[in-house]
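Subject: Handing over a structure

Hello,

Here is the structure I promised to pass on. Please open it first, then read my notes below.

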Amino acid sequence: MTATILDGKRIARDVRHDLALLAQDHEQRHGHPAGLAIVRAGDDPASAVYTQSLQRAAQKIGVVATALALPADVDDDGLRSCLEALNADDSVQGILTQLPLPPHLSPATIAQTIDPRKDVDGISLRSAGNLFLKLPSFVPSTCAAVLEILDRCQIPLVSRRAVVVGASNVVGKPLSFLLLHRDATVTTCHIYTRDLAAWTLQADVLVVAAGKAGLITGAMVKPGAVVIDVGINVRDDGSITGDVDFASVVEVAGAITPVPGGVGQLTNLMLLKQTLLARDLWSA
Ligand code: NAD
C-alpha cells in the first residue's frame, strides 16, 4: 500500500481563501480589520524571520499584524506592562508572544497576564482550563492545524484509536484533549513510554510531535493508519525533516502528512483564524 499524501500546501490554499472571506466579514461588521500583535523579546534572527512570514501571511488575508520587539534584557514587569497595554487596545483582537522567551523571563508571566479573550495561541491559564473542561477555547495553533487537516480530509475520529507521541504543553497534551473531545480513544506517549511501538501500532490515527527525526518507522505503524507528522527537525545541511521516517511509513500508512509541506503550512493560518474568530468566540 502507498499512503495518500495529506497535502498541507493544498489545504493551506483552501484555508487562506476561507480566511480572506472571514477577514472581509470582520471588517464589514466591526468597521476595521482584525489586529494581531506579535510580541517578541530579544533579537533572535529566526524569531525575526518567523515574525516577517507571519506578517506576510496576515497581509494576504487582510489581518493587520503588528510586531513589537522588546529588548533582550526586558524583565517580567516590562513584559507584563506590554501585554497589559495590548489587552486594553481595542484594535488588537489577538496577541501572540513568540516562544521561546529569553531564559530570565517566566512563561508564567504570559500565561497569567495575557487577556484570555485575545490569547489566540491558547497559552493562558484560562485557555488551558477551558480546553480541559471542553468549553469554547483558543487552542495552540499547531494543535488547531492538526485538527484542520483531519477535518478537511474528513478523517473520522469518533471511536477511533488515536495515539499522540509527545506530551508538551503546546502540542502533545492539548492535542490529546482535543482528540478526546472528538470522542477518540486517546493514548499519550512520551519520552518515558516503554515499548513505544506497542502503542503506535494500535493507532488508527497517529500524531507525532516528539522533535526526534525518524522516530517512527514503517514497522511501528498499523497498516492503513492516518499519520500526522508535527515534528520539525533541521538536518546538518539545513534541510527540514519530520519525526516520521517518511520513506518506510508511506508504504504502510493509509494517509500521511509530509514534512515539509504538511502541518507547518497551517500553523500560522490557524493563529490568524483564531484572531478573526476571537470576538465571536467570546460573545457566544
Ligand atoms: P517538546 O520538546 O516541548 O516536547 C517533546 C515531547 O516529545 C515531550 O513530551 C517528550 O517527552 C516527547 N518525546 C521526546 N522524545 C521522545 C521519544 N524518543 N519517544 C517518545 N516521546 C518523546 O517539543 P514540542 O514543542 O512539543 O514540539 C515537538 C515537535 O513539533 C518539534 O519537532 C517541534 O519543532 C515541532 N513543532 C512543529 C510545529 C509545526 O508548526 N509543525 C509547531 C510546534 C512544534
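This is a predicted model: local features need pLDDT of at least 70, side-chain atom pairs count only at pLDDT 80 or more; totals for chains, interfaces and linings use all residues.

In helix H5 (residues 125-133), the buried residues are Ser127, Asn130 and Leu131. A word on terms: buried means under 20% relative accessible area, exposed over 50%, and partly exposed in between, with a 1.4 Å probe and protein chains only. Helices are DSSP runs of H or I with at least four residues, strands are runs of E with at least two, and both are numbered from the N terminus.

The arc is that of the directions from the helix axis to the C-beta atoms. Leu125, Phe132 and Leu133 are exposed, on the face of H5 turned away from its buried side.

Residues are numbered from 1 along each chain as its sequence is written, and side-chain values use heavy atoms, with hydrogens and water left out.

What comes just after H5? Lys134 does, with a positive phi of about 60 degrees. Lys134 is a residue other than glycine. It sits in the loop between H5 and helix H6 (141-152). Lys134 is exposed, at a relative accessible area of 53%.

Helix H2 (residues 45-61) has 17 residues. At 1.5 Å a residue they should span 24 Å, and the end C-alpha atoms are 25 Å apart, which agrees. The expected span is 1.5 Å times one less than the number of residues.

Which residues of H2 are buried? They are Ser47, Thr51, Leu54, Ala57, Ala58 and Ile61. They cover an arc of only 130 degrees around the axis, which puts them on the same side of H2. On the other side, Pro45, Val49, Arg56, Gln59 and Lys60 are exposed. Just after H2 comes Gly62, with a positive phi of about 110 degrees.

Helix H3 (residues 76-87) has 12 residues. From its first C-alpha to its last, H3 reaches 16 Å, close to the 16 Å expected at 1.5 Å a residue. Leu79, Cys82, Leu83, Leu86 and Asn87 are its buried residues. Seen down the axis of H3, they fall within an arc of 140 degrees, so they line one face of the helix.

**The ligand**

How many residues surround the ligand? There are 20, and the closest are Ala167, Ser168, Ile191, Ile232 and Thr267. A residue counts here if one of its heavy atoms lies within 4 Å. This shell divides into 11 nonpolar, 8 polar and 1 charged. Ala, Val, Leu, Ile, Met, Phe, Trp, Tyr, Cys and Pro count as nonpolar, Asp, Glu, Lys and Arg as charged, and the others, Gly among them, as polar.

Now the backbone contacts. A polar backbone atom of Ala167 is 2.8 Å from an oxygen atom of the ligand. A backbone N or O atom of His190 lies 3.4 Å from a ligand nitrogen atom. For Ile232, a polar backbone atom is 3.0 Å from an oxygen atom of the ligand. Taken alone, the ligand exposes 850 Å², and the protein buries 71% of that.

**Loops to check**

Most residues other than glycine have a negative phi, and most peptide bonds are trans. Two cis bonds go on the list. One joins Leu99 and Pro100, with omega about 0 degrees. Pro100 is in the loop between strand E4 (94-97) and helix H4 (107-113). The other joins Val259 and Pro260, again with omega about 0 degrees. Pro260 is in the loop between strand E11 (255-256) and helix H10 (264-283).

Asp183 also has a positive phi, near 70 degrees. Asp183 lies in the loop between H7 and strand E6 (185-189). At 46% relative accessibility, Asp183 counts as partly exposed.

Best wishes

Technical notes
A polar contact is a pair of N or O atoms within 3.5 Å; within protein, one must be able to donate a hydrogen and the other to accept it, and residues adjacent in sequence count only if both atoms are side-chain atoms. Accessible areas come from the Shrake-Rupley method with a 1.4 Å probe; for residues, only the protein chains shown count as cover.
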